[in-house]
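I opened the model today to look up a few things. My notes follow in the order I took them.

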Amino acid sequence: MTNSGRTTRGLWGRRIGFTGGAALAVSLLILLPSAANATPTFTLKAPFSGTTYADEGASFEGCGGNATWAIAPFFNLTNGHAHESVSALTPACKKQYSSTGVYTEAALVTTSFKLATGSHSIKAKWTASFSIDLVASPGKSPQTAYAYDEVYVYGWTYDETNDSYVESTYSSYVDNYTYNGSVVHSFHDVTLWMDINGTYASGHVYYLVTYFAMDVETDASAGHSTASAQVNGGTSGERAALDSIKAS
C-alpha cells in the first residue's frame, strides 16, 4: 500500500539543535556560518550554500534484530542529491514478540537569510527515486508478522534571534507495508514537497533545514514469524534530488 501527503513528521523526524548535537544514535552537525542578508523572497537551487547534516539510528524490542545502513546518509551541496539506504530484520523468536525500527536521514542546512515582517511560505521540492523490498512471513496462526517502510521529506525554519522554530505545515511521503508475503517495487522521480507557512519578523536571522529520510520497521510475534524491510535510495541512479527552495 502506498500513500502520500501528511502534516506531521515520520516516526523518527528530528529537530536539529543549533547549540550542539541532538541526543541521537549517530549524528553529525556542521555548525553554520555567520548570518548573511537575503532578499525578502528568494529561490535557491543547486549548487547550494550551507552545511549538511546526516543521522541514523535504530531501536530494538524483544529478542532484537539487525539494522543495516548499506549507504551512509549524505547530502551533496554541489548537485543537491541525497543518498541513503536502510534495512531492518526481525528474526524468529520463540518466546516473545520482537521488533526492529531503523531510520536514516540526510539534510541541508541553508546559510542564514532574512524575510520581511509578515506571513511567508517556504517550499522545498524534492524528486526521489528509490526501491523497496518488504517481506513478512508469519508462522502458523495465530502468529503474525509485519514489514513497513516510509520515505518522506520534512523540515523547519530556525529563528536564531529568539531561538524558535517554525515546522513544516505540510510534508509528503510514500509508505508501504505487508502482513504476509512480499512487496517489491521501484519508484522513479516521485515528487515530494515540504511547505512551511509561518509569520516572520524583519531583522531576525533565519536558517532553513530540509531533509530526505527513510524509516523501516519489522515486527514478528513469538514463534516462527520473521520480517524484513529494505529501502535503497543510494545506488544505481537511486537518490533524492532537492530541486529548489522557494520563499514567497
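I began with Ile122, which stands opposite Ile196 in strand E12. Ile122 also stands opposite Ala247, in strand E15. Before going on, I noted that this is a predicted model, where local features need pLDDT of at least 70, side-chain atom pairs count only at pLDDT 80 or more, and totals for chains, interfaces and linings use all residues. Residues are numbered from 1 along each chain as its sequence is written, and side-chain values use heavy atoms, with hydrogens and water left out.

I wrote down the strand rules next. Helices (H or I, at least four residues) and strands (E, at least two) are DSSP runs, numbered from the N terminus. Two strands pair if DSSP finds at least two bridges between them.

Then I looked up the pairings of E7.

**Aromatic rings**

How many aromatic pairs does the rule give? I used this rule: rings of Phe, Tyr and Trp (its six-membered ring) pair if their centres lie within 6.5 Å; planes under 30 degrees apart count as stacked, over 60 as edge-to-face and the rest as tilted. The count comes to 15 aromatic pairs.

I checked Phe75 and Trp126. Their ring centres are 6.1 Å apart and their planes stand at 70°, so I logged the pair as edge-to-face. The pair links distant parts of the chain: Phe75 sits in strand E4 (residues 66–76) and Trp126 in E7, 51 residues apart. Both Phe75 and Trp126 are buried; buried means under 20% relative accessible area, exposed over 50%, partly exposed in between (1.4 Å probe, protein chains only).

I then followed Trp126 to Phe212. The ring centres of Trp126 and Phe212 are 6.1 Å apart with planes at 25°, so this pair is stacked. It also links distant parts of the chain, with Trp126 in E7 and Phe212 in strand E13 (residues 206–220), 86 residues apart. Trp126 has a relative accessible area of 0%, so it is buried. Phe212 is at 0% as well, and therefore counts as buried.

I also listed one aromatic cluster, formed by Phe42, Phe113, Tyr200 and Tyr206.

**The salt bridge**

Which residues form the salt bridge? I took the term to mean a side-chain nitrogen of Lys or Arg within 4 Å of a carboxyl oxygen of Asp or Glu. The structure holds 1. Lys123 forms it with Asp195, and the closest N and O atoms are 3.6 Å apart. This pair links distant parts of the chain, Lys123 in E7 and Asp195 in E12, 72 residues apart. Lys123 has a relative accessible area of 34%, so it is partly exposed. Asp195 is at 13%, so it counts as buried.

**Around Ala229**

Last, I looked at Ala229, which is found in E14. Is Ala229 buried or exposed? Its relative accessible area is 2%, so it is buried. Its C-alpha atom is separated by 6.6 Å from that of Thr218, 11 residues apart along the chain. I looked up contacts too (heavy atoms within 4.5 Å). Not counting residues up to four places away in sequence, Ala229 touches several residues, including Val86, Asp133, Tyr148 and Thr218.
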